[in-house]
Amino acid sequence: MSESESEFIPHSADQKTTEAKQGGLIRPEEILPETLHLIPLASRPYFPVLIQPVVIDENPWASSMQAMTESPHKCIALSYVKTAGESIPRPSEICEIGCVARVHRVHQSEDKIQFIAQGLQRYRIIQWVTREVPYIVRVEYLKNPPEKDESQLRAYAMSLINIIKELMTLNPLYNEELKQYLNHFNPNEPSHLADFAAAITSAEAEVLQEVLETLPLLARMEKVLLILGKELEVVKLQAEITEKMQDQLNEQQREFFLRRQLKAIQKELGIAKDDRQADVEKFEARLKKLTVPEHVQDRVQDELEKIAVLETSSAEYGITRNYLDWITSVPWGVYSTDNFDIENARMVLDKDHDALDDVKERIIEFLAVGAYRGEISGSILLLVGPPGVGKTSIGHSVAEALGRKFYRFSLGGMRDEAEIKGHRRTYIGAMPGKFVQALKEMAVSNPVIMLDEVDKIGASYQGDPASALLEVLDPEQNSEFLDHYLDLRVDLSKVLFMCTANQMDTIPAPLLDRMEVIRLAGYLTEEKIQIAKHYLWPRQLERAGLKPSQIKISAAALKTIINGYAREAGVRNLEKLLGRIVRKAVVKLLGKQVTKIRLGVKDLADYLGPVIFTKQKPEHGIGIMNGLAWTSLGGTTLSIEASRIHTHNRGFKLTGQLGDVMRESAEIAFSYISSHLDNFKANKSFFDNSFIHLHVPEGATPKDGPSAGITMASALLSLALNRPISRNMAMTGELTLTGKVLPVGGIREKVIAAKRAGIAELVLPASNQRDFEEMPDYLQEGIQVHYAGNYQEVFEHAFN
């Protein structure tokens, strides 16, 4: 045996000690020293049975390796680092128990040092000689405590050997590890066997360190058995996955070769073409059916020439093919014929919608102008209103009336301008924008495209979609809309764009300037009843597969549902409630409890539970005034309450979760009324020593805006005069510090809310008189309106 081979035969510390006592000769390099240079290992602990290469950083461990090579024993301490992270761990982060190893074949390359470590013995650090790099430690070598039960040791050893054998059958890589172990160690030595079994697993480093620190042999073997069991499960699962993948791959390869052979046979017989030729012919056939502009024809020709020289398996071929597929799918010059029959349009709108007479009339006017011109282009309609009032369905009806195809997509939450203008072809998975996709799907260049939720469009680091829409929705620019993917000008001027929004405040002003606004307010109770009868109830019966004769609901029950369960501006929640009633009725019909169901007011509690909204009459009293408010869900009424808390000092308190603008309105109202009490024949000193509390009920709901100015002022004046406003009245309007009443928005929604609440008398700003007079007659009916240009006129209407 050569010297280089003999140095790989391990000798335990016990063997050396025994030989020394017996007077045997031991070479100096075989004596394990008490003081060692230490190298921390970040990946996993080292075991005494291992003979493996180790790679460490040259900086800062070069000095430790140099000192080791100059020593006669050529040994170094290897300890696992508890918390890996820093390049140089602190002594407190290094495990006390490690493995001493003899170093062979040190090789240095670039900034790394590689050597073969021959694990010899466990040690415990008893003293840090140096706590700075290079680390030097004093160690004591650990022995295995004697085990009394030899039979139990043999049983554990046999279990370990059986699992290792099973691992070898599943993964041949374990064979090499076992051969190396058998070449250098006695297979009947249980301590070495346990360390070897732990070392060949892929267990976590902390678990392996626990095995290294466990000296009692039975306890160590028990831990290793658990680790080996988990390793066996993982290897079995890995082998199963590999087998499935191999089977699938073989099947795919077989199918691939068969297809190639079939294609070759078809080509020889002249009954098939290759992929490239088939693609080119398909694209050319598409172009023959289209009226393609010259600049598009030139681009297509360039791409066809490129695809003719590309390999079908190349990535560039796939990109070019996809581009040609998109560019030839755009319906260049294909238009549907518009139907300009105004009576037909009116019939379609009436068929699909009850009420909304003013909105229908506005759309009929729009269509009439298009009929007179012979085309509808250059206009973008914006339908603004609360949820559930029929904005999207009106878009459907307009498309049906014109005989055009209808495409809808939502802008809500859109943050990437590439959704509008497309991705550039340089990106993987690039696609055209939504408008080119719409033209491809509709197969005509003049569909009706509805942009839903235009008020909820966002912006991010990826761009501002609202700014990208400016080009699309500008009649002067959209005839040459540039899509980034196609990199071609696309004519969108013949498209009829319709947008929907719940409010206009969040729509950018330049975008809003390009739209014609049509407002949709909420529905009255009578209108909701008609909608439920004609549309919602039949639709729910059809979805459930019921006949109208099987279940009927009375008009009184519908009215109760609307007033007691679905009081919102739209009819979406009303439809949900009707659907719930139908589902419960189906359960009864299936249970054969009844064959026909008749629903009245008394039956609603069984189907919908207790009434949610009780009928509340407008409040009256000293310091109480009813106001009108606008929300994104429609109009609503709110009562404002003012109370005098005490007369010890002057003060003013506001509650009800009011926004900054509404708080300023309250302070203006308080200042105005306080300084003009003599004009209203009230006690001039009423507020001088009074602490006033002004509250707007429903404190959980945030409120803001200036339109409650005159309402707050009237509540404060009622308190100062000690006189209630006995009439059934509500008011809205902004108040200035000089007493002027300024116009406010949402008059239509507020009037509907007043009618819904049974209020018959309103005070509105004089500047809003036009807004009220433009409303349909059925909304004006039954309401007496007073107009005020200053607060003196409000006082006269409310208190005289």
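These questions and answers walk through one predicted protein model.

Local features need pLDDT of at least 70 and side-chain atom pairs 80 or more, while totals for chains, interfaces and linings use all residues. Residues are numbered from 1 along each chain as its sequence is written, and side-chain values use heavy atoms, with hydrogens and water left out.

Trainee: How many helices and strands does the protein have?
Mentor: Both are DSSP runs, numbered from the N terminus: helices are H or I with at least four residues, strands are E with at least two. By that rule, the protein has 28 helices and 24 strands.

Trainee: What is the radius of gyration of the protein?
Mentor: The radius is taken over C-alpha atoms, and the globule rule is 2.2 Å times the number of residues to the power 0.38. The C-alpha atoms fill a box of roughly 130 × 100 × 65 Å along the principal axes. A compact globule of 800 residues would come near 28 Å, but the protein has 43 Å.

Trainee: What share of the 800 residues counts as buried?
Mentor: Buried means under 20% relative accessible area, exposed over 50%, and partly exposed in between, with a 1.4 Å probe and protein chains only. Of the 800 residues, the buried share is 47%.

Trainee: How many salt bridges does a search of the whole structure find?
Mentor: A salt bridge is a side-chain nitrogen of Lys or Arg within 4 Å of a carboxyl oxygen of Asp or Glu. The search covers the whole structure and finds 28.

Trainee: Which residue forms a salt bridge with Arg122?
Mentor: The closest N and O atoms of the pair are 2.7 Å apart, and the partner of Arg122 is Asp195. Arg122 is in strand 5 (residues 112-130) and Asp195 in helix 6 (residues 190-199), 73 residues apart, so the pair links distant parts of the chain. Both Arg122 and Asp195 are buried. The name asked for is Asp195.

Trainee: Which residue meets Arg124 in a salt bridge?
Mentor: Arg124 lies in strand 5 and its partner in strand 6 (residues 136-141), so the pair ties together parts 16 residues apart in sequence. Arg124 is partly exposed at 27% relative accessible area. The N to O distance is 3.2 Å, and the partner is Glu140.

Trainee: How far apart are the end C-alpha atoms of helix 10?
Mentor: The expected span is 1.5 Å times one less than the number of residues. Helix 10 (residues 294-309) has 16 residues, so it should span 22 Å. The computed value agrees: 24 Å.

Trainee: Within what arc do the buried residues of helix 10 fall?
Mentor: The buried residues are Val296, Val300, Glu303, Leu304 and Ile307. The arc is that of the directions from the helix axis to the C-beta atoms. The buried residues line one face of helix 10, because they fall within 105 degrees.

Trainee: Which elements do the buried residues of helix 10 pack against?
Mentor: On the other side of helix 10, Glu294, Glu305 and Val309 are exposed. The buried residues pack against helix 9 (275-288), helix 11 (315-327) and strand 11 (488-490).

Trainee: Which residues is Asp279 in contact with, leaving aside neighbours within four places in sequence?
Mentor: Asp279 lies in helix 9. Its relative accessible area is 10%, so Asp279 is buried. Contact means heavy atoms within 4.5 Å. The contacts of Asp279 are Tyr317 and Arg321.
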